[in-house]
Amino acid sequence: MNSKIAENQDLKCRHCGEKCDHEVVENHGHVFCCEGCRLVYEILLENDLDNFYCVADSPGISSKKKGKNNFEFLKDENFANSLLDFKNDEISKVRFYIPAIHCSACIWLLEKLYKLHSGIINSRVDFNKKTVIISFKHEKISLLELVNLLDSIAYTPDIQLEKSKTNTSPYRRIWLQIGVAGFVFGNSMLFSLPEYFGLNLFDDDVISKIFPYLNALLAIPILLFAAQDYFKSAWGVIKQRQINMDVPISIGIITLFIYSYYIIFFQSGLGYLDSLSGLVFFLLLGKYYQQKTFDHLRFDRDIQSFFPLSVTKVKGQHEEQVLLNSIIPSDILKIRNEEIIPADSLLISDEASIDYSFVTGESLPESKQKEELIYAGGRLKGASILVQVKKSPSQSYLAQLWDDESIQQGAKAQVQSTADKISKYFTAVVLVIAFIAFGSWLYIGDFESGIRAFTTVLIVACPCALALATPVTLGYAMRVLSKAGFFVKSTQSVEDLSKIDSIVFDKTGTLTYSDKAEVVFEGNMPEHKVLAAVKTLFNQSKHPLSQIIYNWLPFYPTQEIADYKEISGQGISAKVNGQIIKLGKKQFVDSQATDFDKKANSSQVFINVDGLTYGCFNVKHVFRENINDLFNSLRADYKLNLLSGDQPSEKEYLSQWLPEENMHFEQLPGDKKEFITKWQDGQQKVMMAGDGLNDSAALRKSDFGLAITESTLQFSPACDGILLGENLKQLPNIMKFSKAAFKLVIAGFVLSFLYNVVGLSFAVQALLSPVIAAILMPISSFSVVLLATLGTKYLAEKHLTTIEKSRDL
C-alpha cells in the first residue's frame, strides 16, 4: 500500500467514485481518494461484501472529509437505553436516521450488517425516511460498538443529544426553490416584454441588447438550484438502468437551457429562458401541491385518526375503558391474556409471560418478574396483570407494529405498484414520441418548432396524475370509512376489499352479540368459594363467552391464581387456592362428563375442579340486529360460509340463509386457516370476518381479515380492518362502497390518459409553449384529486348514508 499526491491524474476512487484530485492511495490494485475509503473497502472485502460495488455505480460514501467521530457519550447506559425501541435479556432493537443513505447499494450493505458482526441479528432499511432498524444481541455488541461500526463504513447515524423538536419546516427547501424560480420568472418576463410586443423602448441599442444576457445570467440559479431535485432524481434512476417521470422533465429543461444559450450567444436572439423559468416555477408549484397531498394522507393514516385504541385503566377497585392517547405516566392498567402492552410499563403483578414476537420475531414468551420493565408491543400470555405506565404511549411505534405485520404476511398485488409500472412504460413512450416529433420537424427544416415540440411533449405528458389517482382516492375512502366505524389498515386494504368474492363468518362474537346472552347453569352449582375462583378465572380471558359468564356471576373478591393457560378454541385452566380448575368445552374439561341438554342457539362451558365436573353454563346467543338483511344482501354477490368452534346447535336457525354444506361447526383455529387456504386455491378472494381471538390465523391467511369488535379495545395486527359490531349490518354497503371507490381509481387513470392524449396532440404540432405545458401539468394532477375527493364524497353519500356514525371516536 502506498500514498502519493495526485498530479493531474484522471483517477476515480474505487469506493466512492469521486475524483482523486488531492491524494491517491493505492491498495489491492485499486486507487482510493483517501485512507477512509481504502479502509471501508478493506472492511467489505474481508467480509465478502465486495458485491456492494456491483449493485450500483459509485455506490460508496466519501470519507475524506470525515473526522474521527466521538460517540463516548453512549457509554452512559441511561442515555443509550433511551435510544432503544426495545430491550430484553438478549435482544435490543434501535432505529437510526442515516443521512448518507442514497441508493440501492446503501440498502444492500446496511441490510447485510450481520455479516460484519455476529452480534447483529438483522437490519431493515426504510429508504424514503433514510432510517435503518437494527436488532442486535447486546451481550455481543454494545450500542457504542454498533454506532462505531456504522461510522467505520461511512454510514454515521445522526444521533441528537437534545431531542427537542425543531421549528424548521419540512417545506423550507421547496419554498426557497419556488421563490428563486418565481423571482427569475418575473424578471425574465419583464426583460422579454419589448420583444413580445415588437417594441423598441430604448434608443440605445446597447441597453436593449443587454436584456438577453441578463436572462442568461438569471437562468443559472434555475439550473443549479431550483431544478436540482429533478436532475438528481433522474440521474439516480438512470444509474440503476431504470426510468421515472423526472427523466423527460430533466431532458426538457436541459434542452431548453442549451438551445436558449445558443440563440443568445450565437444568434443574438432572446431565447426561451423566460419559458424555462416559468416551466420550473409551475413544476415546483405542482410538486409542492403533490407533496402536501401525500403528507395529508400520511397524517390521516396515523393510528389516532382511524384506530382509537383503548385500554383498561384501574382506579382503586374500579375499572374503566379509556382511549390510549389519554393515559399518562403513573397510570395503572390492567392487561388481559392476549392483549398488547400499549406503553413501556413497570410490572406491578408478581410475574408475567410476555410474547415479543411482533417486535423480535421470537415466538417463545419471556418471563418477567415484579418491577421489571415491559416494553410496548409485547403480548401478554397468561393471567391478567397490572402495570404502571412509565412512558407515554408511542403511537408511531404501535403503528410500526401494525405495518410490520402486513409485511410479514407477504406482499399482495398493489394498485400503486401497477400505477408505477404504467408510469414507467408511459414515460418510455413519451420519450419516443418526443424524439419522433423532433425528428419530423427537423426533417421538414423547422428546427425551432422541433425544439418546442420536443420540450413540450416531455413536459405536458407527465404521469404525475397517474401516481396520484390511487393514494388520493383510496386514502380519502379510508377517511370516510373510519368515520363510519370501519377502520382500515391502508389504502392497499381498501383495494383488497374491493376484489373480494367470498366471505367466511365466525359466529360467536361476530354474528352474535358478545355482551348479550341468556345464561343458565345446569348440574350441581359449586359452592361460593369455587364460584369466586371461577369468576376470577373467567376475567382473565377476553373470549366473548368468558366475559358473558363473568358479568352474569354475582360479585366475588378476586382470587390469586397461578399456572394460567388458555388454549384457543378449547378453554382455560389455572390453579386457584390450591385447586386445579378447568373451564371450556367438554372434551377439554372432561370428555367423560355427563351430557346436558343444549338449548337452541346456545353454547356450553363446562366446569371441572380437581377432576370433578360440576356441570355447565348454557349460554344462549343473541344474534345481531338485522342479521336477516345482512345475509340476504350479501348472498346475491358473494359466496357465504360459516366457520364456528361451537357445536351445531344454531344450524337449523342459520339454515334459512346458508346451505347446510356451507356451515362448518366445531372448527379449531387450524381448521379455519386450512378452509381459507382451500378456497384461495380455488382462485377465490376470501374475506374472513371474526372476533380477532380464535380467528387470528384465519384472519392473517385471508385476502382481507376483518375483526368484529364491540369497541376498539383490540389491537390486532393480524387483521386488515376493524368493524364495530353495531355496524356489521352495514357490511353490504361498505363492500359496495369499496368496489365503487376502486372504479373511481380506474376513472382517474382514464382521465389522466385522456388529458395526455389531448396534450400530446397539441404538443407534437409545436402549438404549445413550455410555460403553457408546465401550467397544464399540475392542472391535470388537480383534476384527478378533485375527481377523487368529490367522487368519493358522492359515493359515501350514496352507499354509507345509513351507517350510524361511531360514537367515542
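Biologist: Which helix supplies the largest share of the nonpolar patch?
Modeller: That is H9, with three residues. Keep in mind that this is a predicted model. The surface patch consists of Ile-210, Tyr-213, Tyr-262, Phe-265 and Phe-266, with about 560 Å² of accessible area together. Helix H7 (205-226) and helix H9 (246-266) each supply at least two of its residues.

Biologist: Phe-265 is found in H9. Why is Phe-265 called partly exposed?
Modeller: Its relative accessible area is 43%. Buried needs under 20% and exposed needs over 50%, so a value in between is partly exposed.

Biologist: What makes the pair of Phe-521 and Phe-617 edge-to-face?
Modeller: A search of the whole structure finds 21 aromatic pairs. In this one, the ring centres are 5.1 Å apart and the planes meet at 65 degrees. Centres must lie within 6.5 Å to pair, and planes over 60 degrees apart count as edge-to-face, so the pair is edge-to-face.

Biologist: Which strands hold Phe-521 and Phe-617?
Modeller: Phe-521 lies in E19 and Phe-617 in E24, so the pair ties together parts that are 96 residues apart in sequence.

Biologist: How do you know whether Phe-521 is buried or exposed?
Modeller: The cut-off for buried is under 20%. Phe-521 has 14% relative accessibility, so Phe-521 counts as buried. Phe-617, at 0%, counts as buried too.

Biologist: What makes you say that H15 is mostly covered?
Modeller: Eleven of its 14 residues are buried, including Phe-454. Phe-454 also belongs to an aromatic cluster, with Phe-447 and Tyr-262 among the other members.

Terms used. Residues are numbered from 1 along each chain as its sequence is written. This is a predicted model: local features need pLDDT of at least 70, side-chain atom pairs count only at pLDDT 80 or more; totals for chains, interfaces and linings use all residues. Side-chain values use heavy atoms; hydrogens and water are left out. Patches are made of residues with over 30% relative accessible area and no salt bridge: like charges are joined within 9 Å, nonpolar side chains (Val, Leu, Ile, Met, Phe, Trp, Tyr) within 5 Å. Accessible areas come from the Shrake-Rupley method with a 1.4 Å probe; for residues, only the protein chains shown count as cover. A salt bridge is a side-chain nitrogen of Lys or Arg within 4 Å of a carboxyl oxygen of Asp or Glu. Helices (H or I, at least four residues) and strands (E, at least two) are DSSP runs, numbered from the N terminus. Buried means under 20% relative accessible area, exposed over 50%, partly exposed in between (1.4 Å probe, protein chains only). Rings of Phe, Tyr and Trp (its six-membered ring) pair if their centres lie within 6.5 Å; planes under 30 degrees apart count as stacked, over 60 as edge-to-face and the rest as tilted.
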